[in-house]
Every structure is written in C-alpha cells, then in structure tokens.
Amino acid sequence: MKLLPRLLASAALAAGLALPAAAQDPFTVGFVYIGTPGDYGWTYEHDQGRLAVEEHFGDAVDTVFVENVPEGPDAERVMTQMILNGADMVFTTSFGYGEATNAVAGNFPDVYFEHATGYLREHPNVSTYSARFYEGRAVLGHIAGQMTESNIVGYIASYPIPEVIRGINSAFLHAREVNPDVEFRVVWAYTWFDPAVEADAAQALIDAGADVIMQHTDSTAPQAVAQEAGIISFGQASDMIQFAPLPRVASIIDNWAPYYIRRVGEAMEGTWEQADTWEGIDTGMVVIGEMTDAIPAELRASAQAMIDAMAAGEYHPFTGPINRQDGTAWLAEGEIADDGTLAGMNFYVEGMTGEIPN
Amino acid sequence: MIRLEKRPQPSQGWVIGGPILAVVLTMIAGGVMFAALGSDPLEAIRIIFWDPLFSERFASYSRPQLLVKAGPLILIAIGLSLGFRAGIWNIGAEGQYIVGAICGAGFGLAFYPSESPLIFPGMVLAGLLGGFLWSMIPALLKVYARTNEILVSLLLVYVAEAMLASAATGWLRNPEGSGFPGSRNLSRHPGTNNPELIDGTGMHWGVLAAFIAVIAAYVLMNRHILGYQIKLAGQAPRAARFGGVSPARLVLLCMGASGALAGAAGLFEVSGPAGQITIDFNVGYGFTAIIVAFLGRLNPIGILLAGMLMALTFIGGELAQLMLGLPAPSIQAFQGMLLFFLLALDVLANYRVKWGREAAA
C-alpha cells in the first residue's frame with residue numbers, strides 16, 4: 001500500500017490545478033452497490049436513497065454509482081476510482097465491503113465514508129450505519145403468528161450471522177406471543193440474492209406445510225411462489241407492493257433516504273462526525289409498508305399499536321423474560337437486551353426448533 | 001454460396017490478425033450499443049481501453065490494478081489450458097480456487113499469531129495441495145468410475161461454496177470480529193501476508209507465479225514430451241493411445257495441475273488483495289479463466305495477453321459505469337461481444353471461406 005503517497009500527491013496535484021473550478025464544483029457522492037437497483041429489494045432501497053439525495057440537494061450534489069460490485073479487492077478498486085474521479089463521499093452498501101472501505105479510507109483521509117451494516121471504523125473518516133430491522137420483524141412476526149392456520153411459518157434465511165438470527169428470534173418471539181402453537185421452519189439459502197434458490201426455498205417450506213412465508217433474502221421470487229400457492233408473504237427490504245394485497249400483506253422497508261440526506265448535508269457543511277448509527281422505527285429508518293385488507297382490522301390495529309409503541313420508545317422487542325433455546329436464562333423479567341448482545345447474537349431463543357448451522 | 005473449407009494448417013496471418021480484428025469489431029459493435037444507450041461511443045471506448053492505461057487521473061492507480069486483476073485469471077487459465085488441449089474439461093476451477101484459499105488460509109491461521117517466515121511458504125503449499133486434492137475427485141472418478149469430469153467438477157463448485165460459507169461463518173471466523181462472518185485479515189498480518197513485492201506495481205507473489213506458469217507452460221508444450229502427448233491426445237486420441245500415451249495418467253496430470261494452480265491462485269488472493277476468507281470470497285475468477293483460456297487460444301502467451309485484456313475491460317468497464325453511468329450489464333455484454341468475435345474469427349484461422357459450389361470430392 002505504499003503507492004499511496006504517490007497517489008495522494010498526484011490527486012492533490014490534480015485538485016490543486018483544478019482549484020478555481022472546484023469552488024463551484026458540486027459535492028460528489030458515490031454509491032457502491034452489491035446488486036442492481038432493479039432487484040426491487042436491498043439495492044433498490046439504497047438507490048431510492050441516492051435519488052432522494054439528488055432531489056434534495058439539486059445541483060449542489062452529483063451522485064454516481066457502480067452496481068454489481070463484488071466484495072473484496074474489486075470493491076476497493078471501484079471506491080478508489082470513484083474518488084480519483086472526484087467523489088467527496090462514498091456510501092458502501094453491503095456488509096462485505098467493510099475491510100475494503102477501511103483500506104480505502106486510510107488512503108483518502110479527506111473523503112467521507114459511510115459503510116452500511118458493518119462494524120469496522122478504523123479511521124476517523126469512516127462511519128457505519130444500520131437499521132434495527134428486528135423491530136420491523138417483531139411486527140411481521142406478530143401478524144404471521146395470528147394469520148397462520150397451519151401454525152407453521154416458513155422463514156427463508158440468508159446466512160447464519162447475527163443480523164439474520166436476530167430477525168428470526170424477534171419474529172418468532174412475537175409470533176409465539178400471540179399463538180403458543182406456532183412453529184418456525186428455517187431454510188438457509190446461503191445467498192442474499194438468487195431468485196432461483198429463493199423460489200426453491202419458498203416451495204420447500206410450503207411443501208413442509210408453511211402457510212406464511214417470511215424472507216431475509218432480497219428478491220421477489222418467494223413472493224411469486226407464495227402467490228401461486230395462495231399463501232401469505234411479507235415484502236423484504238423494499239415494499240414489494242406489486243404483490244399486494246395478497247400474498248404480500250405487509251412489508252419491512254429499509255428507508256435510507258433521511259439518513260443519506262442528513263449525512264451528505266453534514267459532510268457538505270463540515271459538521272460530519274464519525275458515528276455508529278443504529279436506528280429503527282422511531283426515526284423512520286425502518287418502515288412497515290401498508291398493511292393490506294387481507295389482515296383482519298383488529299390485527300392491523302394491534303400491529304399498529306406495536307409500531308406506535310416502538311416509535312415512542314416505549315417497547316423493545318427483546319424485553320425479558322426470555323430464555324435461550326437450551327433453556328438457560330438470557331433476560332430477566334422486564335430486562336431489555338443490550339445492543340452489544342444483539343449485535344453479536346448467535347443463539348436461538350427458547351421454543352425455536354432446529355439448529356443454527358455452522 | 002458461401003462454404004468453409006478446412007485448411008491443412010491454421011493460417012498464421014489469421015492466428016495473429018484474428019484477435020486484432022476481433023477487438024476492432026467489438027469496439028464497433030460495442031460502440032453501437034453504447035450509442036443506443038445514449039452515451040458517446042468514442043468516449044466510452046476510450047474510457048474502457050485507454051483511460052485505465054494512460055489517463056493522467058487514473059493510470060498510476062489502474063495500471064498496477066491491471067496486474068492484480070489479471071494475475072489469478074492467467075494463473076488459473078494456464079492450468080486449464082493443459083487439460084483443454086488434451087480434451088479434459090475441468091470446469092470446476094472456481095471450486096479448486098475456493099478450496100485452495102480455505103486450506104492456505106486455514107494453515108496460516110492455525111499458527112496465528114506467529115510471524116515465522118516459514119508460514120507463508122507453508123500456506124502456498126497448502127493452497128496448491130487443497131486445489132490439487134479437490135480436482136482429484138473428478139479426476140479419479142473419471143478414471144475409475146467413468147464419470148463425466150465436466151459435471152463432477154462443476155457440481156463440486158457448489159460444494160466448495162457451501163464449505164466457504166461454513167468456514168466464514170464458523171470454523172475460520174475471526175474470534176475478535178464480534179460474531180460477524182469473515183476470518184482474520186491475513187494480508188495485514190506479517191507472516192501470512194502476500195505483499196506487493198515492488199511498491200506501486202501491483203506485483204505480488206501470485207502475479208509472479210502467473211508469469212512463471214506462463215513460461216513453464218510454454219516450455220512444457222513446446223519442448224517436452226508431455227506437452228507433445230497432451231497435444232496428441234487432444235487432436236488424435238486413438239493415435240495417442242497407440243503411441244503409448246496413458247489416458248488415465250493424462251487425466252490425473254492435467255486435472256491435478258489445473259487444480260493445484262487454481263488453488264494457488266485462491267491462496268494468493270486470500271492472503272493478498274482479498275485479505276480474508278469471507279462468505280462471498282470467490283468472485284468468479286475460476287469461470288472467467290475458462291474464457292481467458294479460450295480467448296488466448298490455449299496458448300500460454302495468448303493467455304497472458306488475454307488475461308490482461310480481460311482485466312482491462314473489467315477495470316475500464318467500471319470507469320465507464322462511473323463516468324458515463326453505463327449499466328453494468330452493458331459492460332458484460334461488451335465482454336461477451338469480444339469473446340463472440342474472437343471465436344467467430346477463429347473459424348477463419350482454421351477454415352478458408354470459398355465462394356461458389358463445392359467441387360466434386
């Protein structure tokens with residue numbers, strides 16, 4: 001990495017030469033996407049955030065993006081080229097970009113970096129941000145628990161990592177709360193986005209008796225399978241409203257736009273500071289998409305009450321008493337899970353069947 | 001009427017001129033596509049082919065990156081080309097790449113936090129061995145159970161991917177990574193890192209290994225009896241058998257060599273540019289290398305050039321996305337055109353185009 005000084009020198013030279021023009025130059029924000037905005041899921045929502053930034057700041061901000069960027073050295077190269085091409089701020093929108101983001105951030109101390117769903121902040125110009133998706137999953141679990149007639153909820157999980165396990169636990173706890181007989185069947189797809197695999201997983205769960213499907217993968221393929229089978233599903237990452245009112249009865253939306261607008265504004269004003277942001281329903285980073293008429297009015301009302309309670313900070317989805325799957329105590333009566341445990345969650349809660357693969 | 005007549009010898013002119021014409025045709029067809037997408041075609045072509053190499057703003061960064069990207073492609077493609085010349089189709093280099101990376105990284109991490117200079121050579125051996133053993137599964141099955149090596153080696157890629165996910169989220173996970181998937185960083189730990197050998201060149205051990213492999217393959221194919229046997233087995237399998245070439249031995253040799261080189265490529269990548277084992281560590285080098293091998297006409301020097309060209313279109317393609325907002329699939333289509341024209345023009349090297357009716361045979 002010792003080509004840096006040379007690189008920086010030449011970048012500085014270029015900047016210096018361009019100084020008179022730079023005064024009117026728009027602030028350039030780059031986005032690195034793991035998928036394509038056309039996934040109508042994870043990347044789509046990040047791109048909505050990018051478009052919101054463009055709309056909010058108008059001519060003062062330029063945005064660029066590169067899609068389908070593999071994690072690892074390719075991401076490092078894409079970021080560097082973005083910056084050499086004038087980016088002042090870079091949003092890297094997948095967990096796997098963590099090492100690359102920090103490596104590049106070390107090379108360009110004057111560029112602001114925002115890494116989604118990560119934890120590495122090795123340089124003062126790197127922030128991480130994520131959403132408390134588990135709050136949304138609690139609401140979906142609440143709905144799923146009451147809507148299921150077979151008492152089997154199918155769950156398409158991506159990888160056995162804390163983020164995903166936390167979501168399963170949150171959904172399960174709130175399904176059990178309203179339906180003591182409900183069981184979760186989890187299929188590990190080992191992918192974030194693969195319509196064929198996701199469709200197969202959905203079909204396997206339906207064959208196993210599930211009449212409600214939840215997904216922690218990004219494509220709409222499970223929605224299509226659910227539609228065919230006449231069962232219920234929930235939109236993931238983005239609204240997936242095209243599958244409403246059935247099978248999609250509600251959705252969990254990642255709403256990055258307010259955060260992106262805020263952070264870009266701070267960077268432009270020079271008030272940007274390193275942060276580890278983890279926001280949920282209260283700030284609108286997690287939104288529950290329209291609950292359709294397929295859900296009974298009473299259930300819609302109780303789900304809305306739950307949303308309101310979380311928005312007001314009166315309810316935390318992981319409030320004791322909660323035991324671990326093996327029966328040992330985790331949270332005492334009234335105790336609320338701390339963020340550290342949640343961030344590294346690698347166990348199921350009591351009542352979950354099956355094992356987390358390793 | 002147009003018809004093709006097989007040349008007794010491939011035309012030397014077309015062997016060299018074909019690829020150049022293919023690049024030109026790709027630029028024209030790609031330019032039409034870029035224009036249809038609303039971009040200036042000349043600018044797009046310039047950004048893809050010229051800017052990574054010569055633009056003042058990017059070149060000092062992009063040129064070394066070219067080697068970083070081309071290194072694993074060349075190393076894997078060289079291995080694959082041996083088998084392809086002999087009619088042995090290892091399609092599973094991606095899996096061997098993964099297993100090599102896991103074995104090499106596992107070896108290095110087993111001794112963590114030791115910084116002994118013996119660790120990296122051990123990791124290289126473990127990587128070679130991992131890829132070799134993974135390729136032996138389809139090879140032995142082909143020799144002893146007559147299975148199809150194309151299918152077996154391809155399906156083993158998916159097995160390797162599952163092992164990778166399990167390693168990244170389980171047994172190789174960084175104990176200090178607060179439960180997140182991914183191993184410790186190998187490239188930032190002395191002893192397990194595969195560093196840039198000369199500052200600012202992008203040259204690491206893997207790139208060096210790729211160059212050595214090119215030379216070794218060239219010597220093997222042109223100066224060694226084994227190279228002759230490989231070519232013979234590919235062109236005239238029956239003659240090869242009568243000539244005393246053991247098909248089983250060739251299968252094991254070719255599969256083993258390509259597996260070992262793919263495994264080494266994985267190790268060099270995981271200990272260098274990638275830095276760690278992650279769920280999605282493999283990014284398709286093993287598959288792209290198949291294209292590189294054919295793009296280079298299974299010739300070591302050709303593969304060297306093809307690997308660099310492929311890397312150039314990757315890096316230039318990213319620049320085109322950035323600067324012109326071209327969609328990523330259009331870049332892939334552009335790469336596809338390149339392969340299409342090359343293979344299409346390949347026909348001209350081996351066949352003569354004749355007008356009119358075929359003479360009575």
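**Figure 1. Strands β10 and β12 of chain A.** In β12(A), residue V286(A) is the bridge partner of D254(A). The model shown here and in every other view is predicted. Strand β10 of chain A covers residues 248-254, and its pairing with β12(A) is antiparallel, over 4 bridges. Both strands belong to an open sheet of 6 strands in chain A, which has the order β7-β6-β8-β9-β10-β12. The pairing within this sheet is mixed. Its edge strands are β7 (183-188) and β12 (286-289) of chain A, and each of them pairs on one side only. From one strand to the next, the twist averages 15 degrees.

Figure 2. The loop between β7 and α8 of chain A contains Y190(A). For comparison, most residues other than glycine have a negative phi.

**Figure 3. The parallel sheet of chain A.** A further open sheet of chain A has 6 strands in the order β2-β1-β3-β4-β5-β11, and the pairing is parallel. Which strands form the edges of this sheet? The edge strands are β2 (61-66) and β11 (276-279) of chain A, each with pairing on one side only. On average, and with direction ignored, neighbouring strands of this sheet are turned by 20 degrees against each other. Within the sheet, β3 (residues 89-92) and β4 (residues 112-116) of chain A pair in the parallel sense over 4 bridges. One bridge can be followed residue by residue: the partner of V90(A) in β4(A) is F113(A). Helix α4 of chain A, residues 73-84, lies across β1 (27-32), β2 and β3 of chain A. This helix runs at about 155 degrees to β3(A).

**Figure 4. Helices α6 and α11 of chain A.** Two packed helices are described by the angle between their axes and the distance between the axes. Here the helices are α6 (residues 133-147) and α11 (residues 297-311) of chain A, whose axes come within 10 Å and cross at roughly 160 degrees. Angles over 145 degrees count as roughly antiparallel, so α6(A) and α11(A) are roughly antiparallel to each other. Their crossing is right-handed. On the α6(A) side, the residues that meet α11(A) are E135(A), A138(A), V139(A), H142(A), I143(A) and Q146(A). On the α11(A) side, they are L299(A), A303(A), M306(A), I307(A) and M310(A). By class, this contact has 8 nonpolar, 2 polar and 1 charged residues.

**Figure 5. Two cis peptide bonds in chain A.** Most peptide bonds are trans. A cis peptide bond joins A244(A) and P245(A), with omega at about -5 degrees. P245(A) is in the loop between β9 (232-237) and β10 of chain A. Another cis peptide bond joins G320(A) and P321(A), where omega is about 5 degrees. P321(A) is in the loop between α11 and β13 (322-323) of chain A.

**Figure 6. The domains of chain A.** Chain A is assigned a domain 1 (4-131) and a domain 2 (133-254 + 285-343). The C-alpha centres of these domains of chain A lie 32 Å apart.

**Figure 7. The domains of chain B.** Domain 1 of chain B consists of 1-29 + 327-361, and domain 2 of chain B consists of 62-303 + 315-324. Their C-alpha centres lie 30 Å apart. In the contact between them, 5 residues of domain 1 of chain B meet 5 residues of domain 2 of chain B. The domain 1 side of this contact in chain B has 5 nonpolar, no polar and no charged residues.

**Figure 8. The contact between chains A and B.** Here 35 residues of chain B are in contact with 35 residues of chain A. On the chain B side, α4 (59-86), α7 (149-171) and α13 (300-324) each supply at least two residues. Which helix of chain B gives the most to this side? It is α13(B), with 6 residues. The chain B side comprises 18 nonpolar, 13 polar and 4 charged residues.

Key
Residues numbered from 1 in each chain as written. Chains lettered and ligands numbered in written order. Predicted model: local features only at pLDDT ≥ 70, side-chain atom pairs only at ≥ 80, totals over all residues. Pairing = 2+ DSSP bridges. Axes fitted to C-alpha atoms, helices over the stretch in contact; angles between N-to-C directions. Contact = placed C-beta atoms within 7 Å. Nonpolar A, V, L, I, M, F, W, Y, C, P; charged D, E, K, R; others polar. Domains from an automatic or database assignment. Parallel < 35°, antiparallel > 145°, perpendicular 65-115°, else oblique. Left-handed = near helix turned anticlockwise from the far one by under 90°.
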